[in-house]
Amino acid sequence: MNRLDVKDVEKIFHEPDGSKLQILSNIILTIHEKELIIIKGPSGSGKTTLLNILAGLIRPTAGSVYFNGIDISQLKLKQLATYRLNHIGYLFQHWNLFPFLNARENIEIPARLKSLTHSIRKKKVEELATFLGISDRLNNRPDEMSGGQKQRVALARALINNPSFLLADEPTSNVDTQTRTNIVNVLQEKRENGLGLLIATHDPFFEELADKVYILEKSTLKIIKNDSINIAGGVKS
Amino acid sequence: METKVETSSSTFMIEKNKQSLLTLISIAFSNIRSRINRYIIIIIGISLVTILVLIIRGYSLILVIVENFQINESILIYNTFVTVICLGLVSISVISTFFLAITERMEEIGLYRTSGARSLDVFLIFEIETLGIGLIGVILGYIIGLILLLVDLIRRWGVDVTVGFFERHQIEVMSFLVTNLALLIPFILCVVFIASIIPITIASRMKVINTLELRI
């Protein structure tokens, strides 16, 4: 059973004027597969920083993050790249698509880096595109797509390598209601197949479905909802 | 390949992925295809240098064969001087284009890294892309240069004399075609590689977080 454990994580940024900015303090959090965890908090509270630490994009100042017992804070850059390639899908708030590549090529990038064959990539891209309702946009570049379509392309890219965990930063903040429903449904289905989700969002849609809801305030994490039962034997969905 | 990481309770594994060179080449060529309009100026520049070098060398050969001309030291120095100037111009344009392109593509680099690419993979993708552009430029310049040489010879001598010249000097002409291709491709690719290595190395080693400018 895949799990991510955050143990006593602290993150301090050093400002250009020499002062220190404490973003995260004594963060303790566990995410299991099939679990949906929501992190709320005001803008600038450190939600994205926490996601970046879990993705291995930045290292914590203190504390550790364990993936299936491996301390990823101690991994070398090469190993972190492999960890991201095989186990983490990252969905950015502002899509961050490759501007000169079309939707198909954008979605394919992680699968190409994993050296999947052309036929497997094609099959996966088409499955995800159908699932997300963007089959007719696969040959379009990002500047030819709406915000909702770009977000779904970014989601397909994050999911193409079947990651163990999806880290999503406000995935539904820039999309219409129909796209939001579509994204939530896709994530729910992936979750039933074993995907663990950590989402930084204020969307009440996600809150209702979440196993746990945390609030990140004044650099500390407080739980405000816990619907999980008997983690070892399965998670309530 | 797998790396075993021992923990206090049990042994876990993180699989190691080694991206094949073929994968990185295919990504690099997708990038060239999708950004060809951005690279057109640099391709034209490399082509022009190739054409110039080819024409100088072509006429030197014709002078030697037809007029029994002896290439002296001053002509050799002149030829070398022109070639060095041309290659210098290529280097400057490659460096400036790539510094600009890399600044523009920081986010792209961050996205590759977030998607699981190592800094070496990013370095290779960008370097293959640069070499690909160099190769397109040199091959294009080579073909255009030969066509220009041929057209000029026909204009000066007429078709019959030109065909007769090629028939009489088949060995020299074949040797000219092969040696120039064998010299120009590696030479220009070396210049392009050396000119692009600094901006690409700097960019591929940047922290992911700095390339994506992710907020707190």
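These questions and answers take up a few features of a predicted model.

User: What ground rules apply here?
Analyst: This is a predicted model, where local features need pLDDT of at least 70, side-chain atom pairs count only at pLDDT 80 or more, and totals for chains, interfaces and linings use all residues. Residues are numbered from 1 along each chain as written, chains are lettered from A in the order written, and side-chain values use heavy atoms, without hydrogens or water.

User: Why is Arg105(B) called buried?
Analyst: Buried means under 20% relative accessible area (1.4 Å probe, protein chains only). Arg105(B) has 2%, so it is buried. It sits in the loop between α3 (73-104) and α4 (106-114) of chain B.

User: What makes the link between Arg105(B) and Glu108(B) a polar contact?
Analyst: A polar contact is a pair of N or O atoms within 3.5 Å; within protein, one must be able to donate a hydrogen and the other to accept it. The side chains of Arg105(B) and Glu108(B) are joined at 2.9 Å.

User: How do you know that helix α3 of chain A is largely enclosed?
Analyst: 10 of its 11 residues (103-113) are buried, so the rest of the structure largely encloses α3(A). The buried ones include Ala103(A), Ile107(A) and Leu113(A). Among the elements covering them are α4 (118-132) of chain A and α1 (21-34) of chain B.

User: What caps the N-terminal end of α3(A)?
Analyst: Asn102(A) does. A side-chain oxygen of Asn102(A) lies 3.2 Å from the backbone nitrogen of Arg104(A).

Conventions. Helix = DSSP H or I, 4+ residues; strand = E, 2+ residues; numbered from the N terminus. Buried < 20%, exposed > 50% of the residue type's maximum accessible area, 1.4 Å probe, protein only. Contact = heavy atoms within 4.5 Å.
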